[in-house]
Each structure stands twice: as structure tokens, then as C-alpha cells.
Amino acid sequence: MSQTFFIKTFGCQQNVADSQRIASYYLARGYKPSKTIKGASEIVINTCMIRQSAEDRVTGLVKNIAKSHKLKPKLVITGCMVGMATRDESGKYLRDLRKRMPEVDEFLPLEEVGFDYPALRNEVEKAWVPISNGCNNFCTFCVVPFTRGREVSRPFADVIDEIKDLASKGCKEVTLLGQNVNSYGADLVKNATKGYELPSGRIVKPVMVKHLGRFRIPTLFPYLLEEVCRIKASPSRPRIAGRSGGIQTVKFISSNPWDFSDELIDVIAKNPKIDRNLHLAVQAGDDKILKRMNRWYTREEYLDLLKRIRNKIPNAQISTDIIVGFPKETKSQFQNTVKLAKEANFAYAYVAKYSSRPNTAATKAFDDNVPYAEKERRFHILDQLINHKGSLRTAVH
Ligand code: SF4
């Protein structure tokens, strides 16, 4: 009987994109995809560690499969939990994982899958396209630099070739993915003192973005966006009347407020193909909390960025991420976040209650001292204010 696999993905779009590569990796090894989790001889769980609850869901699923699946499938864990274990030189995190989930047969580091497998996509018209992996920023609450490691950019030509190939197959919308797309290319242009040659032959001067308050990181993201917008459909594909063919919508996530450059704003303003829904995680509206989060901007700088974006891109819709109950966040510091939310006029926000994550600076340095009930209260205030404006209005009148 041939071996079959099923991939269960937790977490963000980057994990979804990774799972598409893992599927290719399994196909290349002669496995067939299983339509259901119960019918698979091997189950791969692509994990997320952004919050403790995400880890708990993985543990719960492993226990459930071990108890109830008649085929007794091989259980493979990959993704962020394994990334953390691989980078933890003490070996403690891996020992903890084995103890927590003795049912698991294999812990598969994503590095073993590599980046050469093409993504196996079910959808033709829309695609997630990773442009970088990892992060150098070390926000004190965030586990990503420990699970994915330092930022590595995919070569410019690889990204363009993949999107050209997608366009030739009928893809119309791409979402460029990275933990921080704005710093894309910083590792590619290190020695490009005389400029960087794009695959099109154009020589460009890297755009400098802010690091610790100074413009010192050279990046290529605005150029990548421009080049992606230029990708046309293959001449052999039939055109839909009234449409130009090729990539018609370009989206990107995630991008940070401190290195969202004026050049990037100009590129978006000039290219109508680039989506006007921009996600800019603010995380807090109080300068002291932002500093303790190791976010390199103040509330004024953040609001000024929104102003500059809206001046040049009048139809921009800004969404955000906010963490409530960060260690030692006082009621008045939380009120500063409420004030910022009112001023920023966000389209929507992902509001999260702070969750202590292993190895992070916040976990090492601060007590998670805001009681859960208070985190809940702050969560509801912001969620109502930003995400349920209509219902709030109804309630008021
Ligand atoms: S920028 Fe900060 S929040 Fe985003 S992935 Fe990097 S460390 Fe995490």
C-alpha cells in the first residue's frame, strides 16, 4: 500500500506557504496526499508558537490522534516548535517537547525540507510567495527570531521567476510574505556599494531604512514591488476582455512602522496594482511600553507615518496588531493605546492578550503581572472600539 500524508497547519500565512513546500517534499519522496487526516499514514503538524494557546492546540491534537486514529499514523512535528528546539543549544526545549508529546515519531526541522521545493498550491488565481524568512528585530515579546532565526532574503531573481511562472499559469494576485518585508534584501546588498543590479538589468541604489533611529539598513523592497507589478501574463494565455492579464493585485505582509520608507509610500502611490489595505502593527500607543517592547518608534512617529501614507495614498486602509497587558502596562499606559486607536482610525485590529513566550527578553526581564481578567477587560475595550464600531454606535444610540 502506498504511503499517504496529511498536513495540518497552525499559525500564520508563512506557515501556510511552508506547508505548500512540505507537501512537495513529500510528493518527491513518493507519498500521495490524503484527503482526510484520518486516512493518512503520516500526519505532519506544522506548528505555531505565537501564544501558549497555539502550542496547547498542537499538544491537544497530538494526544487526540494518538488516542483515536485507528491507522496509528506516523506523527511528524515541524514548524516553529521544532525551529525553537533546533536553535536552543542547551537541548532543553527539545527534551521538553519529547516529554510533553512522547507520541511524536519525528521532529522535522524546516531546514531539512529546504527552500528548493516548489510550493504545491491548490488555487491558481492567488498565491502566497515568501520573499524572506526569519527576523532580526527581537521585539521583546516575540518568539519568531528564536523559531525562524535571523532574516534571510530569497534571491531577487528567484522571487521574480516564481511570480512570472505563476502569472503564466493564470495567477492574478500575489501576497509577498516575510516577517518584515520592508527590510527585504538587506543581506543581498551588503557589498553593493556601486548599486544593485536587478534581474531586469536595472541598477538601483538600495533604499535606506531606519534601525535604532538611524537610516542604516539598505533594502530592496520598493524595487521588488515595482518589478512584481510589471509582470505580464504569458502571451500564449488567452486574455479576459477588459483585463490586462498578468499580476493584477500585489499584497504584502508583514511590514513594520519603523522601516516603512517614503520611497515605499511613493511606489505604492504610483502603482494601482498594489493593495491599499496596509497592515502596520503598532502593538502599543504608549512610548514607555513601546521602548520595553523594543519597537523603534514613538506614538508620534507612528501617527506621523499614517499621515504621510494617507497624504499620498488617500484610499489607504490601515489595520494593525495590538498587545494588551504587556508586563507592567498600567491603566494610564493602556489609555494611551486607546487614544492612539481613536486617532489612527484603524480599519480593523488583531488585538491579543500578552502571552509570555520562552526565551524572549520580556519573559526573562519582566513578570507577566497584569491579571488575566484585566487583560480581558483591555482586550474588549479595544476590540469594541476598533472592530465593532457599528455595534458600539448602535449601543450608544
Ligand atoms: S518584527 Fe518583531 S514582532 Fe515581527 S517577527 Fe520580528 S521580532 Fe517578531
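Q: Which residues in α8 are buried?
A: In α8, the buried residues are Phe221, Pro222, Tyr223, Leu224, Leu225, Glu227 and Val228. Buried means that 20 or more other C-beta atoms lie within 10 Å of the residue's own; 12 or fewer is exposed, anything in between is partly exposed, and the C-beta atoms are placed from the backbone. The helix spans residues 221-229 and is mostly covered, with seven of its nine residues buried.

Q: Before going on, what are the ground rules?
A: This is a predicted model, where local features need pLDDT of at least 70, side-chain atom pairs count only at pLDDT 80 or more, and totals for chains, interfaces and linings use all residues. Residues are numbered from 1 along each chain as its sequence is written.

Q: OK, sheets. What is the strand order in the five-stranded one?
A: The order is β2-β1-β3-β4-β5, an open sheet with parallel pairing. Strands (E, at least two residues) and helices (H or I, at least four) are DSSP runs numbered from the N terminus. Two strands pair if DSSP finds at least two bridges between them.

Q: Why do β2 and β5 each have a side without a neighbour?
A: β2 (32-33) and β5 (106-107) are at the edges with a single partner strand each, so one side of each has no neighbour in the sheet.

Q: How many bridges join β3 to β4?
A: Six, and the two strands run parallel. Glu42 stands opposite Lys74 in β4. Two bridges join β4 to β5, also parallel, with Val76 opposite Glu106 in β5. At the other end, two bridges join β1 (residues 4-9) to β2 in parallel, and Phe5 has Pro33 in β2 as its bridge partner.

Q: Where does α2 sit?
A: Helix α2 (residues 52-68) lies across β1, β3 (42-47) and β4 (74-79), and runs at about 170 degrees to β3. Axes here are lines fitted to C-alpha atoms, for helices over the stretch in contact, and angles run from 0 to 180 degrees between N-to-C directions.

Q: What handedness does the unit of β3, α2 and β4 have?
A: The β-α-β unit they make is right-handed. That is, with the strands pointing away from the viewer, the path from the first strand over the helix to the second runs clockwise.

Q: Next sheet. What is the order of the three-stranded one?
A: β6-β9-β14, open, with parallel pairing. The edge strands β6 (126-130) and β14 (249-253) each pair on one side only. Direction ignored, neighbouring strands of this sheet are turned by 20 degrees against each other on average. Five bridges join β6 to β9, and Pro130 stands opposite Leu177 in β9.

Q: Which strands does α1 touch there?
A: Helix α1 (residues 13-28) packs on the sheet and touches β6, β9 and β14, at about 95 degrees to β6. Helix α7 (residues 156-168) touches β6 and β9, at about 170 degrees to β6.

Q: Now Val181: buried or exposed?
A: Val181 counts as buried because it has 24 C-beta neighbours inside 10 Å. Val181 is in the loop between β9 (173-177) and β10 (196-197).

Q: What does Val181 contact?
A: Leaving aside neighbours within four places in sequence, the contacts of Val181 are Ile131, Ser132, Leu176, Phe221, Phe252, Ser254 and Ser255. Contact means C-beta atoms, placed from the backbone, within 7 Å. Val181 and Phe221 are 40 residues apart in sequence, with 6.8 Å from C-alpha to C-alpha.

Q: Ser254 is on that list. Which peptide bond there is cis?
A: The one from Ile253 to Ser254, with omega near -10 degrees. Ser254 is in the loop between β14 and α9 (262-270). Most peptide bonds are trans, and most residues other than glycine have a negative phi.

Q: What is the phi of Phe138?
A: Near 50 degrees, a positive value in a non-glycine residue. Phe138 lies in the loop between β7 (132-133) and α6 (144-147), and counts as partly exposed because it has 13 C-beta neighbours inside 10 Å.

Q: And what about Asn345, buried or exposed?
A: Asn345 is exposed, with 12 other C-beta atoms within 10 Å. Asn345 also has a positive phi, about 50 degrees, and is in the loop between α12 (331-344) and β17 (348-353).

How values were computed: Contact = placed C-beta atoms within 7 Å.
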